[in-house]
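Colleague: I'd like to learn how to read a model like this one. Can we go through it feature by feature?

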Amino acid sequence: MGRLPRRLLPAAPTPTVGSLRSLMPERKAIESWLTDMDGVLVHEGEPVPGAPEFVNRMKKSGKPFLILTNNSIYTPRHLQARLARMGFEVPEQSIWTAALATAQFLADQRPGGTAYVIGEAGLTTAMHAAGYVLTEFAPDYVVLGETRTYSFEAITKAVRLINDGARFICTNPDATGPSNEGALPAAGSVAAMISKATGVDPYFVGKPNPMMMRSALNVIGGHSESTAMIGDRMDTDVLCGLEAGLETILVLTGISTQAESERYPYRPSRVVNSVADLINEI
(Lines give C-alpha, C1' and ligand atoms only; values in the text may rest on other atoms or scores of the structure.)
Protein backbone atom coordinates (compact mmCIF):
# COMPACT_ATOMS: atom_id res chain seq x y z
CA MET A 1 0.00 0.00 0.00
CA GLY A 2 1.41 3.40 -0.92
CA ARG A 3 2.11 5.93 1.80
CA LEU A 4 -0.57 8.51 2.35
CA PRO A 5 0.52 12.03 1.52
CA ARG A 6 1.57 14.01 4.63
CA ARG A 7 -0.93 16.67 5.52
CA LEU A 8 0.62 20.08 5.02
CA LEU A 9 0.04 22.51 7.85
CA PRO A 10 -0.12 26.22 7.20
CA ALA A 11 3.16 27.94 8.00
CA ALA A 12 3.24 29.91 11.22
CA PRO A 13 3.12 33.65 10.54
CA THR A 14 6.43 35.42 10.86
CA PRO A 15 6.32 37.73 13.91
CA THR A 16 6.54 41.39 13.02
CA VAL A 17 7.90 44.24 15.14
CA GLY A 18 4.36 45.38 15.76
CA SER A 19 3.18 41.94 16.89
CA LEU A 20 6.18 41.57 19.19
CA ARG A 21 5.48 44.94 20.76
CA SER A 22 1.86 43.95 21.33
CA LEU A 23 3.05 41.01 23.40
CA MET A 24 5.23 43.18 25.61
CA PRO A 25 3.39 44.57 28.65
CA GLU A 26 3.29 48.33 28.91
CA ARG A 27 5.16 49.78 31.87
CA LYS A 28 3.11 51.08 34.75
CA ALA A 29 3.09 54.77 35.63
CA ILE A 30 6.11 55.86 37.65
CA GLU A 31 5.26 55.83 41.34
CA SER A 32 8.77 56.06 42.80
CA TRP A 33 12.07 57.51 41.68
CA LEU A 34 15.73 56.62 42.10
CA THR A 35 18.34 59.09 40.91
CA ASP A 36 22.09 59.23 40.85
CA MET A 37 23.66 62.32 42.41
CA ASP A 38 26.89 63.34 40.66
CA GLY A 39 26.26 64.14 37.01
CA VAL A 40 22.50 64.16 37.48
CA LEU A 41 21.74 66.58 40.32
CA VAL A 42 25.17 68.18 40.71
CA HIS A 43 28.10 68.65 38.34
CA GLU A 44 31.56 69.84 39.33
CA GLY A 45 30.30 71.14 42.65
CA GLU A 46 27.37 73.08 41.21
CA PRO A 47 23.69 72.15 40.96
CA VAL A 48 22.51 71.11 37.51
CA PRO A 49 20.04 73.77 36.29
CA GLY A 50 16.55 72.69 37.28
CA ALA A 51 17.76 69.93 39.62
CA PRO A 52 16.74 71.63 42.92
CA GLU A 53 13.28 72.22 41.46
CA PHE A 54 13.13 68.57 40.38
CA VAL A 55 13.98 67.37 43.90
CA ASN A 56 11.48 69.79 45.46
CA ARG A 57 8.78 68.50 43.12
CA MET A 58 9.58 64.92 44.15
CA LYS A 59 9.26 65.88 47.81
CA LYS A 60 5.95 67.68 47.31
CA SER A 61 4.50 64.82 45.27
CA GLY A 62 4.71 62.44 48.21
CA LYS A 63 6.11 59.75 45.94
CA PRO A 64 8.97 57.72 47.41
CA PHE A 65 12.43 58.64 46.12
CA LEU A 66 16.08 58.04 46.89
CA ILE A 67 19.25 59.77 45.81
CA LEU A 68 21.93 57.14 45.14
CA THR A 69 25.70 57.34 45.08
CA ASN A 70 28.49 54.79 44.72
CA ASN A 71 30.68 57.05 46.83
CA SER A 72 31.21 55.44 50.24
CA ILE A 73 33.31 58.22 51.77
CA TYR A 74 30.49 60.29 53.23
CA THR A 75 27.59 59.54 55.54
CA PRO A 76 24.09 60.53 54.41
CA ARG A 77 24.25 63.42 56.91
CA HIS A 78 27.41 64.76 55.26
CA LEU A 79 25.83 64.46 51.82
CA GLN A 80 22.66 66.13 53.06
CA ALA A 81 24.73 69.11 54.25
CA ARG A 82 26.64 69.22 50.95
CA LEU A 83 23.41 69.26 48.96
CA ALA A 84 21.86 71.88 51.26
CA ARG A 85 24.73 74.27 50.47
CA MET A 86 23.74 73.97 46.80
CA GLY A 87 20.07 74.66 47.38
CA PHE A 88 18.70 71.13 47.77
CA GLU A 89 16.39 70.36 50.67
CA VAL A 90 16.78 66.61 51.01
CA PRO A 91 15.98 64.50 54.09
CA GLU A 92 18.88 62.39 55.32
CA GLN A 93 16.68 59.32 54.88
CA SER A 94 16.40 60.03 51.15
CA ILE A 95 20.10 59.37 50.50
CA TRP A 96 21.34 55.83 49.84
CA THR A 97 25.05 55.13 49.48
CA ALA A 98 27.10 52.11 48.44
CA ALA A 99 28.37 52.03 52.03
CA LEU A 100 24.82 51.60 53.38
CA ALA A 101 24.04 48.96 50.76
CA THR A 102 27.25 47.08 51.62
CA ALA A 103 26.56 47.16 55.35
CA GLN A 104 23.00 45.95 54.82
CA PHE A 105 24.20 43.17 52.51
CA LEU A 106 26.70 41.92 55.10
CA ALA A 107 24.16 42.16 57.91
CA ASP A 108 21.84 39.95 55.87
CA GLN A 109 24.60 37.52 54.93
CA ARG A 110 26.29 37.15 58.31
CA PRO A 111 24.53 39.05 61.12
CA GLY A 112 26.81 40.32 63.86
CA GLY A 113 29.96 39.53 61.88
CA THR A 114 33.41 41.07 61.92
CA ALA A 115 35.27 43.02 59.26
CA TYR A 116 38.54 44.72 58.52
CA VAL A 117 37.51 47.94 56.79
CA ILE A 118 39.49 50.26 54.54
CA GLY A 119 37.43 53.38 54.12
CA GLU A 120 36.12 56.62 55.56
CA ALA A 121 33.35 57.57 57.98
CA GLY A 122 30.60 56.78 55.48
CA LEU A 123 31.58 53.11 55.49
CA THR A 124 32.71 52.63 59.07
CA THR A 125 29.58 54.34 60.43
CA ALA A 126 27.33 52.16 58.26
CA MET A 127 29.15 49.00 59.35
CA HIS A 128 28.84 49.89 63.04
CA ALA A 129 25.14 50.68 62.60
CA ALA A 130 24.66 47.25 60.97
CA GLY A 131 26.02 45.60 64.10
CA TYR A 132 29.47 44.73 62.78
CA VAL A 133 32.64 44.69 64.86
CA LEU A 134 35.59 46.26 63.05
CA THR A 135 38.80 44.36 63.69
CA GLU A 136 42.03 43.25 62.08
CA PHE A 137 42.12 39.95 63.97
CA ALA A 138 40.74 37.07 61.86
CA PRO A 139 37.76 39.01 60.47
CA ASP A 140 34.95 37.40 58.52
CA TYR A 141 35.39 39.98 55.76
CA VAL A 142 37.81 42.48 54.32
CA VAL A 143 35.66 45.41 53.18
CA LEU A 144 37.21 47.93 50.81
CA GLY A 145 35.66 51.32 50.23
CA GLU A 146 36.66 54.74 48.98
CA THR A 147 39.23 56.88 50.78
CA ARG A 148 41.43 59.79 49.80
CA THR A 149 44.34 58.29 51.75
CA TYR A 150 44.85 54.67 50.71
CA SER A 151 47.65 53.31 52.88
CA PHE A 152 50.19 50.74 51.72
CA GLU A 153 50.14 49.33 55.25
CA ALA A 154 46.34 48.91 55.19
CA ILE A 155 46.41 47.31 51.74
CA THR A 156 49.14 44.90 52.86
CA LYS A 157 47.03 43.98 55.90
CA ALA A 158 44.04 43.34 53.63
CA VAL A 159 46.10 41.08 51.36
CA ARG A 160 47.33 39.01 54.30
CA LEU A 161 43.87 38.69 55.85
CA ILE A 162 42.37 37.55 52.55
CA ASN A 163 45.19 35.03 52.16
CA ASP A 164 44.30 33.79 55.63
CA GLY A 165 40.67 33.20 54.61
CA ALA A 166 38.77 36.49 54.99
CA ARG A 167 36.08 37.05 52.35
CA PHE A 168 36.67 40.04 50.06
CA ILE A 169 33.95 42.69 49.62
CA CYS A 170 34.23 46.03 47.82
CA THR A 171 31.66 48.81 47.96
CA ASN A 172 31.89 49.68 44.25
CA PRO A 173 33.90 48.89 41.13
CA ASP A 174 34.62 52.48 40.02
CA ALA A 175 38.23 52.59 38.83
CA THR A 176 38.62 56.35 39.18
CA GLY A 177 36.97 59.23 40.98
CA PRO A 178 36.83 62.94 40.13
CA SER A 179 38.78 65.75 41.75
CA ASN A 180 39.59 69.36 40.89
CA GLU A 181 43.08 68.24 39.84
CA GLY A 182 41.89 65.33 37.70
CA ALA A 183 41.11 61.65 38.08
CA LEU A 184 41.95 59.82 41.31
CA PRO A 185 42.35 56.06 41.75
CA ALA A 186 39.18 54.73 43.35
CA ALA A 187 38.05 51.52 45.04
CA GLY A 188 37.94 49.48 41.85
CA SER A 189 41.61 50.16 41.10
CA VAL A 190 42.72 49.28 44.62
CA ALA A 191 40.54 46.16 44.54
CA ALA A 192 42.31 45.09 41.34
CA MET A 193 45.67 45.45 43.07
CA ILE A 194 44.53 43.35 46.04
CA SER A 195 43.05 40.75 43.69
CA LYS A 196 46.32 40.54 41.79
CA ALA A 197 48.20 39.96 45.05
CA THR A 198 45.76 37.36 46.43
CA GLY A 199 44.15 35.72 43.40
CA VAL A 200 40.77 36.52 44.99
CA ASP A 201 38.19 38.73 43.29
CA PRO A 202 35.90 40.85 45.45
CA TYR A 203 32.13 40.90 45.45
CA PHE A 204 31.09 44.42 44.43
CA VAL A 205 27.87 45.63 46.05
CA GLY A 206 27.44 49.05 44.42
CA LYS A 207 26.37 49.90 40.90
CA PRO A 208 26.21 48.26 38.40
CA ASN A 209 25.27 45.37 40.69
CA PRO A 210 21.44 45.34 40.68
CA MET A 211 21.75 44.54 44.40
CA MET A 212 22.14 48.31 44.86
CA MET A 213 18.81 48.94 43.12
CA ARG A 214 16.98 46.19 44.96
CA SER A 215 18.22 47.38 48.34
CA ALA A 216 17.10 50.92 47.46
CA LEU A 217 13.66 49.64 46.42
CA ASN A 218 13.36 47.84 49.74
CA VAL A 219 14.14 51.06 51.60
CA ILE A 220 11.31 53.00 49.93
CA GLY A 221 8.93 50.08 49.47
CA GLY A 222 9.02 50.53 45.71
CA HIS A 223 8.33 48.05 42.93
CA SER A 224 10.52 47.58 39.89
CA GLU A 225 7.67 47.80 37.40
CA SER A 226 6.68 51.29 38.63
CA THR A 227 10.09 52.79 39.48
CA ALA A 228 12.43 54.85 37.31
CA MET A 229 16.21 55.11 37.65
CA ILE A 230 17.81 58.34 36.45
CA GLY A 231 21.53 58.32 35.75
CA ASP A 232 24.30 59.84 33.68
CA ARG A 233 26.35 56.69 33.04
CA MET A 234 25.44 53.88 30.68
CA ASP A 235 27.86 51.42 32.29
CA THR A 236 26.59 51.82 35.85
CA ASP A 237 23.29 53.66 36.29
CA VAL A 238 21.51 52.45 33.16
CA LEU A 239 22.92 48.93 33.32
CA CYS A 240 22.05 48.60 37.00
CA GLY A 241 18.50 49.87 36.53
CA LEU A 242 17.98 47.69 33.47
CA GLU A 243 19.08 44.52 35.25
CA ALA A 244 16.83 45.35 38.19
CA GLY A 245 13.82 45.72 35.87
CA LEU A 246 13.37 49.47 36.26
CA GLU A 247 12.56 52.11 33.69
CA THR A 248 15.89 53.78 32.90
CA ILE A 249 16.40 57.43 31.99
CA LEU A 250 19.77 58.69 30.79
CA VAL A 251 20.49 62.39 31.31
CA LEU A 252 23.18 64.15 29.29
CA THR A 253 24.56 66.33 32.10
CA GLY A 254 27.29 63.93 33.21
CA ILE A 255 29.51 61.21 31.75
CA SER A 256 27.70 59.49 28.87
CA THR A 257 26.79 61.36 25.70
CA GLN A 258 23.98 60.61 23.26
CA ALA A 259 26.49 59.23 20.74
CA GLU A 260 28.20 57.03 23.34
CA SER A 261 24.87 55.61 24.48
CA GLU A 262 24.32 54.20 20.98
CA ARG A 263 27.49 52.10 21.19
CA TYR A 264 26.26 49.89 24.03
CA PRO A 265 24.41 46.61 23.37
CA TYR A 266 21.62 47.79 25.69
CA ARG A 267 19.66 51.02 25.69
CA PRO A 268 17.98 53.22 28.28
CA SER A 269 14.22 53.48 28.18
CA ARG A 270 14.75 57.07 27.08
CA VAL A 271 17.28 59.89 26.93
CA VAL A 272 16.62 63.46 28.12
CA ASN A 273 18.84 66.51 28.34
CA SER A 274 18.53 66.87 32.12
CA VAL A 275 16.27 66.23 35.09
CA ALA A 276 14.69 69.60 34.35
CA ASP A 277 12.89 67.83 31.50
CA LEU A 278 11.25 65.47 34.00
CA ILE A 279 9.77 68.00 36.42
CA ASN A 280 6.33 67.99 34.83
CA GLU A 281 6.16 64.18 35.00
CA ILE A 282 6.12 64.10 38.79
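Modeller: The protein has 10 helices and 15 strands; helices (H or I, at least four residues) and strands (E, at least two) are DSSP runs, numbered from the N terminus. This is a predicted model, where local features need pLDDT of at least 70 and side-chain atom pairs count only at pLDDT 80 or more, while totals for chains, interfaces and linings use all residues. Residues are numbered from 1 along each chain as its sequence is written, and side-chain values use heavy atoms, with hydrogens and water left out.

Colleague: Let's begin with sheets. What is the strand order in the open sheet of six strands?

Modeller: Pairing is the idea to start from: two strands pair if DSSP finds at least two bridges between them. Here the order is β5-β4-β1-β13-β14-β15, with parallel pairing. β5 (95–97) and β15 (270–272) are the edges; each has a single partner strand, so one side of each is left without a neighbour in the sheet. On average, neighbouring strands of this sheet are turned by 25° against each other, direction ignored.

Colleague: How many bridges join β1 and β4?

Modeller: Four, in the parallel sense, between β1 (residues 32–36) and β4 (residues 65–69). To find the spot on screen, look for Leu-34, which stands opposite Leu-66 in β4.

Colleague: And which helices go with β4 and β5?

Modeller: For that you need contact, meaning heavy atoms within 4.5 Å, and axes, which are lines fitted to C-alpha atoms, for helices over the stretch in contact, with angles from 0 to 180 degrees between N-to-C directions. Helix α3 (residues 76–85) lies across β4 and β5 and runs at about 125° to β5. Helix α4 (residues 98–109) also touches β4 and β5 as it packs on the sheet, and its direction makes about 65° with that of β5.

Colleague: Which strands make up the open sheet of five?

Modeller: In order, they are β7-β6-β8-β9-β12, with parallel pairing. β7 and β12 are the edge strands, each pairing on one side only. Two parallel bridges pair β6 and β7, and Ala-115 has Leu-134 in β7 as its bridge partner. Helix α4 turns up here too: α4 packs on this sheet, touching β8, β9 (167–170) and β12, with its direction at about 165° to that of β8. Helix α6 (residues 152–163) lies across β6, β8 and β9, at about 150° to β6.

Colleague: Now the interior. What share of the residues is buried?

Modeller: Buried residues are 46% of the 282 in the protein. The term means under 20% relative accessible area, with exposed over 50% and partly exposed in between (1.4 Å probe, protein chains only).

Colleague: Which residues touch the most other members of the largest nonpolar core?

Modeller: In soluble globular proteins, nonpolar side chains tend to be buried together. A nonpolar core is a set of buried Ala, Val, Leu, Ile, Met, Phe, Trp, Tyr and Cys residues joined through side-chain atoms within 4.5 Å. In the largest one, with 29 residues, Leu-34, Leu-68, Leu-106, Met-127, Val-143, Met-212 and Met-213 touch the most other members. Elements giving two or more residues include β4, α4 and α8 (210–220), and α4 gives the most, with six. Take Leu-106: leaving out residues up to four places away in sequence, Leu-106 touches Pro-111, Met-127, Tyr-132, Tyr-141, Val-143 and Ile-169. There is also a second, separate core of 28 residues, with Val-90, Ile-230, Val-272 and Val-275 among them.

Colleague: How many disulfides does the structure hold?

Modeller: A disulfide is a covalent bond between the sulfur atoms of two cysteines. The test is a pair of cysteine sulfur atoms within 2.5 Å, and the structure holds zero. Cys-170 is buried, at 0% relative accessible area, and Cys-240 is buried at 0% as well.

Colleague: Last one, the backbone. Where is the cis peptide bond?

Modeller: From Lys-207 to Pro-208, with omega near 15°. Pro-208 lies in the loop between β12 (203–204) and α8.

Colleague: And which residues other than glycine have a positive phi?

Modeller: Glu-44 is one of them, with phi of about 50°, in the loop between β2 (42–43) and β3 (46–47). Glu-44 is exposed, at 75% relative accessibility. Ala-138 has a positive phi too, near 45°, and sits in the loop between β7 (133–134) and β8. Ala-138 is also exposed, with a relative accessible area of 68%.
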